[in-house]
Amino acid sequence: MSAMIEATPVIRPAITPLPKGDSCVLVIFGASGDLTQRKLIPALYDLACMGCTHPQFQVLGIGRTKMTSEQFRGRMRDAAASSKETRNYSEEMWAEFQKRMFYLVGDANDSDFYPLLRARLEEMRTSGSSANHLFYVSTPASVAQPIIQGLGASGLNEDAKSWSRIVLEKPYGRDLETARELNAIVLRNFAERDVYRIDHYLGKETVQNMLVFRFANSLFEPVWNRNYVDYVEITAAETVGVETRAAFYEETGALRDMVANHLLQLLAITAMEPPIAFDADAVREQKVQVFRSIHPMTRDEVARSTVRGQYGPGQIDGRPVPGYRQEHGVNPRSSTETFVAIEFHIDNWRWAGVPFYVRTGKRLARPLTEVCVHFKRTPQALFARTPDEQIEPNVVVLGIQPNEGIVLQFGAKKPGEQMQVVPVQANFSYRTAFGDQTPVAYETLLLDAMRGDPTLFTRGDEIEAEWRIITPIEQEWAQLPSPEFPNYAAGSDGPEAARQLVAGGLRGWRTITAPLRQAA
Ligand code: BG6
């Protein structure tokens with residue numbers, strides 16, 4: 001049984017206007033691709049509407065698809081108008097925004113293209129464009145290297161009088177070795193401070209709020225350690241399947257797609273020590289320390305502490321959906337995992353002995369991303385009415401999406417004669433407190449890159465430290481017998497083996513199937 005109380009905001013602050021980016025030309029490689037239409041253009045349009053782009057801000061899209069700047073604007077208009085990421089679409093605002101957009105046909109794999117790009121940027125410069133260049137690599141991973149080398153060879157990577165930065169989308173390599181190679185090429189051509197490796201989870205307000213929750217409150221930090229915490233659960237559940245990305249997903253799988261970056265970042269932010277300052281190096285230094293405290297798993301540990309899953313047919317929101325192997329473009333005998341659960345251990349002073357359970361999957365019962373910190377039970381069950389009765393322990397739930405907020409569960413006396421304890425929840429909801437006009441991840445990250453703040457981007461050594469954890473798991477999976485796939489139905493909580501992973505003692509995952517009650 002659970003009663004509910006609501007933690008109302010003490011003040012209702014006005015949202016502080018976002019700052020303005022520097023002047024620049026944003027050069028997007030992969031401009032005719034999916035990410036540009038779904039995320040980048042809606043975010044840039046929103047930033048322009050909020051007055052966050054400099055008057056001298058322009059976009060130059062690069063792609064192999066033959067089209068004129070006019071046709072590019074038309075395509076982007078359709079994408080922005082229909083995207084749910086675009087907040088206040090209006091034809092008048094778009095007409096203004098689109099004047100800043102240009103397109104150049106080119107093959108980023110071809111080294112002859114880069115002198116042409118340079119000439120085009122110089123031409124723009126003479127007609128009044130900014131000399132600062134923000135290169136955004138939103139292409140399949142294999143094209144990233146020729147782009148970086150092409151920019152270096154044509155001298156677009158540096159300029160004494162202006163800045164030149166590069167934003168790199170994931171996947172950043174596919175294992176430790178390829179990530180190292182990519183880092184080496186990047187750093188031969190750009191200084192680390194000019195490299196922005198995107199993990200869009202770090203741009204989410206609720207993820208940034210985890211840092212505030214931990215390091216702006218004195219209440220929780222003293223108990224945030226192995227003396228008080230029993231275990232930590234990190235979940236990223238999605239209802240979507242592979243959609244149109246079968247080719248990419250078949251190569252990638254859930255471990256590389258979600259755990260190697262987003263979930264390890266959530267884990268690091270949950271577990272890191274306080275940084276000495278809120279700046280790029282101090283924050284990233286502490287995250288790297290967490291990754292370094294997770295030892296690469298042996299084969300036995302992989303067999304014992306990881307679970308792979310793949311969805312079979314089932315129902316999502318009452319509607320039948322196919323299994324992964326029946327999706328368009330997927331090998332009917334595919335052994336790619338669409339679900340992963342892993343028990344990590346962080347071998348440091350603060351967390352020794354506390355399991356961190358991480359799980360993610362496609363086609364699960366409902367979308368739910370959260371970090372749940374389960375505290376130990378009280379040493380004595382003072383109010384238990386029978387020897388077997390358990391008093392629910394405290395839980396802090398950091399809701400990333402769609403329940404954006406924080407839930408604090410504690411015991412309260414049920415009214416009546418007996419001293420009976422029921423769990424109640426203090427609920428802080430982002431939307432109730434601040435409305436729903438908070439910036440979305442790509443807006444925050446694009447603006448940070450334009451302003452030269454890499455705090456919310458991953459550093460080269462951080463990426464390598466992430467792969468140092470993930471690559472041994474991939475390697476051992478390749479040696480171990482493949483699980484019987486499919487092993488969970490679409491619309492469920494995931495494979496039974498994942499439940500068993502956490503089922504020792506009184507532990508358990510929070511259920512994905514049943515939604516948590518929220519305060520009205
Ligand atoms: C991407 C993954 O990085 O993150 C996708 O490639 C996944 O497979 C997506 O769906 C999830 O992002 P979000 O912001 O919807 O949680």
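## Around the ligand

A polar side-chain atom of Lys-362 sits 2.8 Å from an oxygen atom of the ligand. The protein buries 79% of the 400 Å² that the ligand exposes when taken alone. Bear in mind as you look around that this is a predicted model.

Two further side chains make polar approaches to ligand oxygen. Asp-257 brings a polar side-chain atom to 2.6 Å from an oxygen atom of the ligand, and for Lys-170 the distance between a side-chain N or O atom and a ligand oxygen is 2.8 Å. The surrounding residues also include His-200, Tyr-201, Lys-204, Glu-238 and Arg-245, along with Met-258, His-262 and Gln-401. Sorted by class, this shell holds six charged, three polar and two nonpolar residues.

## Helix α8

Which element gives the most to the shell around the ligand? That is α8, with three residues. Much of α8 is covered, with 22 of its 26 residues buried.

## Two cis peptide bonds

Lys-170, one of the residues surrounding the ligand, is joined to Pro-171 by a cis peptide bond with omega of about 5°. You will find Pro-171 in the loop between β6 (164-168) and α6 (176-189).

Gln-401, also among the residues around the ligand, is joined to Pro-402 by a cis peptide bond, here with omega of about -5°. Pro-402 belongs to the loop between β16 (395-401) and β17 (405-413).

With a relative accessible area of 11%, under the 20% cut-off, Arg-363 counts as buried.

## Ser-293 in its loop

Where does Ser-293 lie? Look in the loop between α9 (280-292) and α10 (299-305). Ser-293 is counted as buried because its relative accessibility is 11%, which is under the 20% limit.

The side chain of Ser-293 reaches back to the backbone oxygen of Gln-289 at 2.7 Å. Setting aside neighbours within four places in sequence, Ser-293 is in contact with His-345, Ile-346, Asp-347 and Asn-348.

Terms used. Residues are numbered from 1 along each chain as its sequence is written. This is a predicted model: local features need pLDDT of at least 70, side-chain atom pairs count only at pLDDT 80 or more; totals for chains, interfaces and linings use all residues. Side-chain values use heavy atoms; hydrogens and water are left out. Buried means under 20% relative accessible area, exposed over 50%, partly exposed in between (1.4 Å probe, protein chains only). Helices (H or I, at least four residues) and strands (E, at least two) are DSSP runs, numbered from the N terminus. A residue is near a molecule or strand if one of its heavy atoms lies within 4 Å of it. A polar contact is a pair of N or O atoms within 3.5 Å; within protein, one must be able to donate a hydrogen and the other to accept it, and residues adjacent in sequence count only if both atoms are side-chain atoms. Accessible areas come from the Shrake-Rupley method with a 1.4 Å probe; for residues, only the protein chains shown count as cover. Ala, Val, Leu, Ile, Met, Phe, Trp, Tyr, Cys and Pro count as nonpolar, Asp, Glu, Lys and Arg as charged, and the others, Gly among them, as polar. Contact means heavy atoms within 4.5 Å.
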